[in-house]
Amino acid sequence: MSGELPCGPADDGLDRPHWEGLREGRLLLQRCGRCRTWRWTPRLLCPGCRSFDVRWEDVEPRGRVFSWIRTHHPYLVELGPDAVPYTTVLVELPGAGGSRVLGRAAAGVDPARGFRIGEEVVGRIEDVPGAAWPLLRWAPVGTQQDVAA
Ligand SMILES: [Zn+2]
C-alpha cells in the first residue's frame, strides 16, 4: 500500500520558496543578491562572496542531461511496487549558471528509453498522485512529452 510521497520543503525551510514556486508553475532557484552567483542547492551563505542576501529568481526549465539513472527497486515504500522502474535525471541549467537540478522523467516518457548525456530536455511541473507538492519532471526535447512543442 502506498502512502504519501515524501517530497516538499526540507525541515530547515531553506528550499520552501522553490516548492512554493512549483505550486505557482514556476521554477525558482536561489541567487545571491550581491554577486549574482546562483546557489543550488539553497544555502544561507553565498559561497562566492559570503553574503546573506538571498533572492529567488525564475529560471527557464530547459537544460541538458548531466546524468541519469533508472531505478528498478522500490527504495521508497511510499511509491508502491508498481512505481518501478522509474528514471531520475540530473539536469544542468544554462539559464542558472549551470546549476544542476534533480527530477524524474516526465509522465509518459518510456522508462525503457533512457536519456543521453548532453541531451536537451524541458521541465514540466506535474501534480503527482499521493504527493502534497508538485514535482519538476523532465522530457527530451522533440518528444511527445515535450512541453515546448
Ligand atoms: Zn554572493
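Seven residues touch the most other members of the largest nonpolar core: Leu 29, Val 59, Val 91, Leu 93, Val 101, Phe 115 and Trp 138. That core holds 23 residues. Two or more residues each come from H1, strand S5 (86-93), strand S6 (99-105) and S8. S8 gives the largest share, 4 residues. Domain 1 (11-58) and domain 2 (60-149) each supply at least three residues to this core.

The model is a predicted one. Its protein chain has 1 helix and 8 strands. Read from the N terminus, the order is α-β-β-β-β-β-β-β-β. The chain has 149 residues, and 40% of them count as buried. Take the contacts with a separation of 6 or more: 54% of them join residues 24 or more positions apart.

Phe 115 gives a view into the core. Its neighbours within four places in sequence are left aside here. Phe 115 is then in contact with Val 65, Trp 68, Thr 87, Val 89, Ala 105, Val 109, Val 121, Trp 138 and Pro 140. One of these partners, Trp 138, is also among the core residues that touch the most other members.

Now turn to the helix. H1 spans residues 16-23, and its buried residues are His 18, Trp 19, Gly 21 and Leu 22. These four lie on the same side of H1, because they cover an arc of only 155° around the axis. What do the buried residues of H1 pack against? Their partners are strand S1 (28-32), strand S3 (54-58), strand S7 (120-126) and strand S8 (135-140). After H1 comes Gly 25, which has a positive phi near 80°.

The zinc ion is next. Which protein atoms are its donors? They are the SG atoms of Cys 32, Cys 35, Cys 46 and Cys 49, at 2.3 to 2.4 Å from the ion. Along the chain, the donors follow the spacing C-x2-C-x10-C-x2-C. Two of them, Cys 32 and Cys 49, link distant parts of the chain. Cys 32 sits in strand S1, while Cys 49 is in the loop between strand S2 (38-39) and S3, 17 residues apart. Cys 32 counts as buried because its relative accessibility is 0%. Cys 49 has 17% relative accessibility, so Cys 49 counts as buried as well. Why is the arrangement around the zinc ion tetrahedral? The 4 donor atoms subtend angles of 104 to 114°, which makes it so. Ideal angles for four tetrahedral donors at a metal are 109.5 degrees.

Most residues other than glycine have a negative phi, and most peptide bonds are trans. Arg 36 is not a glycine, yet its phi is positive, about 70°. This residue is in the loop between S1 and S2. Arg 36 is partly exposed, because its relative accessible area is 34%. Arg 50 also has a positive phi, near 70°, in a residue other than glycine. Its place is the loop between S2 and S3. Is Arg 50 buried or exposed? Arg 50 is exposed, because its relative accessible area is 58%. Finally, a cis peptide bond joins Trp 40 and Thr 41, with omega about 15°. Thr 41 lies in the loop between S2 and S3.

How values were computed:
Residues are numbered from 1 along each chain as its sequence is written. This is a predicted model: local features need pLDDT of at least 70, side-chain atom pairs count only at pLDDT 80 or more; totals for chains, interfaces and linings use all residues. Side-chain values use heavy atoms; hydrogens and water are left out. Buried means under 20% relative accessible area, exposed over 50%, partly exposed in between (1.4 Å probe, protein chains only). The arc is that of the directions from the helix axis to the C-beta atoms. Contact means heavy atoms within 4.5 Å. A nonpolar core is a set of buried Ala, Val, Leu, Ile, Met, Phe, Trp, Tyr and Cys residues joined through side-chain atoms within 4.5 Å. Domain bounds come from an automatic or database domain assignment. Donors are N, O and S atoms within 2.8 Å of the metal (3.2 Å for Na, K and Ca); water is not among the atoms, so sites may look incomplete. Four donors count as tetrahedral if all angles lie between 85 and 135 degrees; four count as square planar and six as octahedral if opposite donors are over 155 degrees apart and all others between 65 and 115; anything else is irregular.
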